[in-house]
Amino acid sequence: MTLKDDFAAKSPITFVYGADGRVCATQRRISSSAVPLYSALMGLNSPRLPKVISVREDDEGAVVTEGYIDGVTLRRALDNGRLGEEELRRLAIDICSALSLLHSSRPPIIHRDIKPENIICADGGGYVLIDFDASRLFKPEATSDTVTLGTNGYAAPEQYGFSQTDARSDIFSLGATMYEYRTGLPYGKNADVPGRLGDIISKCTRFDPKDRYQSAGELARALEGME
């Protein structure tokens with residue numbers, strides 16, 4: 001199966017074809033409540049994020065058009081076996097780059113669903129973070145999320161109602177994904193990976209957000225320091 005097949009298996013999606021007959025974009029329907037989020041994403045430009053081309057509102061909600069990325073999901077790569085530490089480090093640094101841009105947006109954008117299915121190993125090289133259906137705009141005055149979303153095994157504890165999600169929630173989910181990438185096993189509480197990489201994953205996935213890396217930039221620096 002291709003990435004196109006993976007997309008088609010999700011919510012109804014329309015593929016947009018270029019003059020060369022290749023898929024160049026996708027279109028799908030979103031709720032009116034998601035329009036501010038996708039409008040904010042339109043202003044972001046990074047090879048580590050899909051390009052939101054347009055958000056068009058209508059009587060049924062809205063339609064979002066996003067650039068298509070050739071590649072395979074990290075889930076499909078993992079299905080072929082455990083991957084090496086250096087490749088994992090490159091993956092994590094790429095996703096940190098995406099998160100740094102999301103989290104520095106005003107207001108910050110919290111992804112809330114980082115997992116192997118939502119990371120693309122792009123044919124052109126590098127990794128791209130996709131699927132913002134669970135994402136939210138951070139609200140400083142909130143004490144918890146209005147709606148609890150995320151995926152069991154990757155979602156941070158606060159996504160189950162302990163407190164509002166923030167940048168550190170995405171760091172937890174990236175840590176859980178890194179663990180699975182390295183070991184081939186789903187992340188579990190107090191899961192252990194030996195060595196410096198294991199120390200980094202452990203800090204990403206601490207229960208209390210105050211004990212994790214406090215930003216994607218801080219995590220990226222730790223990963224770059226492994227060289």
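**Exercise 1. Which side chain makes a polar contact of 3.0 Å with the side chain of Arg28?**

Work from the predicted model.

*Solution.* 
- Step 1. The partner is Asp133: its side chain and that of Arg28 make a polar contact at 3.0 Å.
- Step 2. Look for a further polar contact. The side chains of Arg28 and Tyr38 are joined by one of 2.7 Å.
- Step 3. Locate the residue. Arg28 belongs to strand 2, which spans residues 23-30.
- Step 4. Judge burial. The cut-off for buried is under 20% relative accessible area.
- Step 5. List the surroundings. Leaving aside residues up to four places away in sequence, Arg28 touches Pro12, Ile13, Tyr38, Ala62, Val63, Val64, Glu66 and Asp133.

**Exercise 2. How many residues does the largest nonpolar core have, and which have the most contacts inside it?**

*Solution.* 
- Step 1. Count the members. The largest nonpolar core holds 50 residues.
- Step 2. Pick out the residues with the most contacts inside this core: Tyr38, Leu41, Leu102, Leu129, Met178 and Leu219.
- Step 3. Find the main contributor. Helix 4 (residues 85-104) gives the most to this core, namely eight residues.
- Step 4. Look for a core apart from this one. There is another, of five residues, including Ile69, Ala122, Val128 and Ile130.
- Step 5. Not counting residues up to four places away in sequence, Leu41 touches Val52, Leu102, Ile109 and Phe132.

**Exercise 3. In what order do the three strands of the open sheet run, and is the pairing parallel or antiparallel?**

*Solution.* 
- Step 1. Read the order: 5-7-8, with antiparallel pairing.
- Step 2. Find the edges. Strand 5 (71-73) and strand 8 (127-129) each pair on one side only.
- Step 3. From one strand to the next, the average is 30 degrees.
- Step 4. Check one pair. Strand 5 joins strand 7 (residues 119-122) through three bridges, in the antiparallel sense. Val72 stands opposite Cys121 of strand 7.

**Exercise 4. At what angle do helix 6 and helix 7 pack?**

*Solution.* 
- Step 1. Helix 6 (residues 195-204) and helix 7 (residues 216-224) pack at about 170 degrees, their axes 10 Å apart.
- Step 2. Classify the angle. Values over 145 degrees count as roughly antiparallel. Therefore helix 6 is roughly antiparallel to helix 7.
- Step 3. Name the interface. Arg196, Leu197, Ile200, Lys203 and Cys204 of helix 6 meet Glu218, Leu219, Ala222 and Leu223 of helix 7.

Key: Residues are numbered from 1 along each chain as its sequence is written. This is a predicted model: local features need pLDDT of at least 70, side-chain atom pairs count only at pLDDT 80 or more; totals for chains, interfaces and linings use all residues. Side-chain values use heavy atoms; hydrogens and water are left out. Helices (H or I, at least four residues) and strands (E, at least two) are DSSP runs, numbered from the N terminus. A polar contact is a pair of N or O atoms within 3.5 Å; within protein, one must be able to donate a hydrogen and the other to accept it, and residues adjacent in sequence count only if both atoms are side-chain atoms. Contact means heavy atoms within 4.5 Å. A nonpolar core is a set of buried Ala, Val, Leu, Ile, Met, Phe, Trp, Tyr and Cys residues joined through side-chain atoms within 4.5 Å. Buried means under 20% relative accessible area, exposed over 50%, partly exposed in between (1.4 Å probe, protein chains only). Two strands pair if DSSP finds at least two bridges between them. Axes are lines fitted to C-alpha atoms, for helices over the stretch in contact, and angles run from 0 to 180 degrees between N-to-C directions. Angles under 35 degrees count as roughly parallel, over 145 as roughly antiparallel, 65 to 115 as roughly perpendicular and the rest as oblique.
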